[in-house]
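Please open the model in your viewer and keep the selection panel at hand. Each stop below says what to select next and what is to be found there.

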Amino acid sequence: MDILIVTPRAAFWEGMKGVFEKHGAAVRTAPAMPEALASLKDQKASLVLLDLFGGEAWNADELKKAVISILMQDAMTNTASVCGMGEETFHDAMEGLGMINDLPAQPCEADVDDLLSRHGTILGQF
């Protein structure tokens with residue numbers, strides 16, 4: 001399973017490498033959407049994790065644009081976000097985009113483990 005994390009804080013995600021490896025996932029990062037879209041042209045990802053705001057205040061319109069640009073390139077790519085917007089707000093803001101879920105702005109290993117378990121279920125691995 002190949003995962004692309006779009007983030008300005010690659011070092012943070014490097015610390016989560018063990019969680020991804022436990023699920024058999026290879027991780028690569030891109031610092032922003034232009035680089036992410038270029039990377040996806042060269043190599044598909046089964047999941048794109050959008051940590052666009054680096055733990056700072058999130059912008060629903062920017063997040064929607066990012067998800068739509070990924071889906072326009074490959075509609076089979078699963079997406080999730082790192083915003084910490086809460087389940088109800090996440091559902092209302094991102095309705096219809098088919099995102100897996102939203103992680104807290106400062107996710108812990110358990111949050112990543114939960115996301116990867118959900119993703120594995122979608123892929124029929126569990």
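This is a predicted model: local features need pLDDT of at least 70, side-chain atom pairs count only at pLDDT 80 or more; totals for chains, interfaces and linings use all residues.

Select Thr-121 to begin: this residue lies in helix H6, where helices (H or I, at least four residues) and strands (E, at least two) are DSSP runs numbered from the N terminus. Thr-121 has 48% relative accessibility and therefore counts as partly exposed, given that buried means under 20% relative accessible area, exposed over 50% and partly exposed in between, with a 1.4 Å probe and protein chains only.

Residues are numbered from 1 along each chain as its sequence is written, and side-chain values use heavy atoms, with hydrogens and water left out.

Next, select Leu-123, which is found in the segment after helix H6 (109-122). Leu-123 is partly exposed, because its relative accessibility is 38%. Show its contacts, with contact meaning heavy atoms within 4.5 Å: apart from neighbours within four places in sequence, Leu-123 is in contact with Met-1, Ser-46 and Asn-78. For Asn-78, which is 45 residues from Leu-123 in sequence, the C-alpha to C-alpha distance is 9.7 Å.

Now turn to the sheet. Colour its strands in the order E2-E1-E3-E4-E5, and you will have an open sheet of five strands with parallel pairing, where two strands pair if DSSP finds at least two bridges between them. Which strands stand at the edges? They are strand E2 (26-30) and strand E5 (102-103), each of which has a single partner strand, so one side of each is left without a neighbour in the sheet.

Follow the pairing across the sheet by selecting strand E1 (residues 2-6), which pairs with E2 in the parallel sense over five bridges; here Leu-4 stands opposite Arg-28 in E2. Helix H4 packs on the sheet and touches strand E3 (47-50) and E4, its direction making about 165 degrees with that of E3. E1 is also joined to E3, with which it runs parallel, by four bridges, and the bridge partner of Ile-5 in E3 is Leu-49. Four bridges likewise join E3 to E4, again in parallel, and Leu-47 has Asn-78 as its bridge partner in E4.

Stay on E3 and show its side chains: both faces are covered, with Leu-47 and Leu-49 buried on one side and Val-48 and Leu-50 buried on the other. Then move to Ser-81 in strand E4, which is buried because its relative accessible area is 0%. Beyond residues within four places in sequence, Ser-81 is in contact with Leu-49, Leu-50, Leu-63, Phe-90, Met-99, Asn-101, Asp-102 and Leu-103.

Two loop residues come next. Thr-77 sits in the loop between H4 and strand E4 (78-82), and at 6% relative accessibility it counts as buried. Not counting residues up to four places away in sequence, Thr-77 touches Ala-45, Ser-46, Val-48, Ile-70 and Leu-71. Arg-9, in the loop between E1 and helix H1 (10-14), is buried as well, with a relative accessible area of 13%. With the same exclusion of residues up to four places away, Arg-9 touches Asp-51, Gly-54, Gly-55, Val-82, Ala-105, Gln-106 and Pro-107.

For the last stop, select helix H3 (residues 33-42) together with helix H4 (residues 60-73), which pack at an angle of about 15 degrees with their axes 11 Å apart. That angle makes H3 roughly parallel to H4, since angles under 35 degrees count as roughly parallel, over 145 as roughly antiparallel, 65 to 115 as roughly perpendicular and the rest as oblique. The axes are lines fitted to C-alpha atoms, for helices over the stretch in contact, and the angles run from 0 to 180 degrees between N-to-C directions. Show side chains at this contact, which is made by Met-33, Leu-37, Leu-40 and Lys-41 of H3 and by Ala-66, Ser-69, Ile-70 and Gln-73 of H4.
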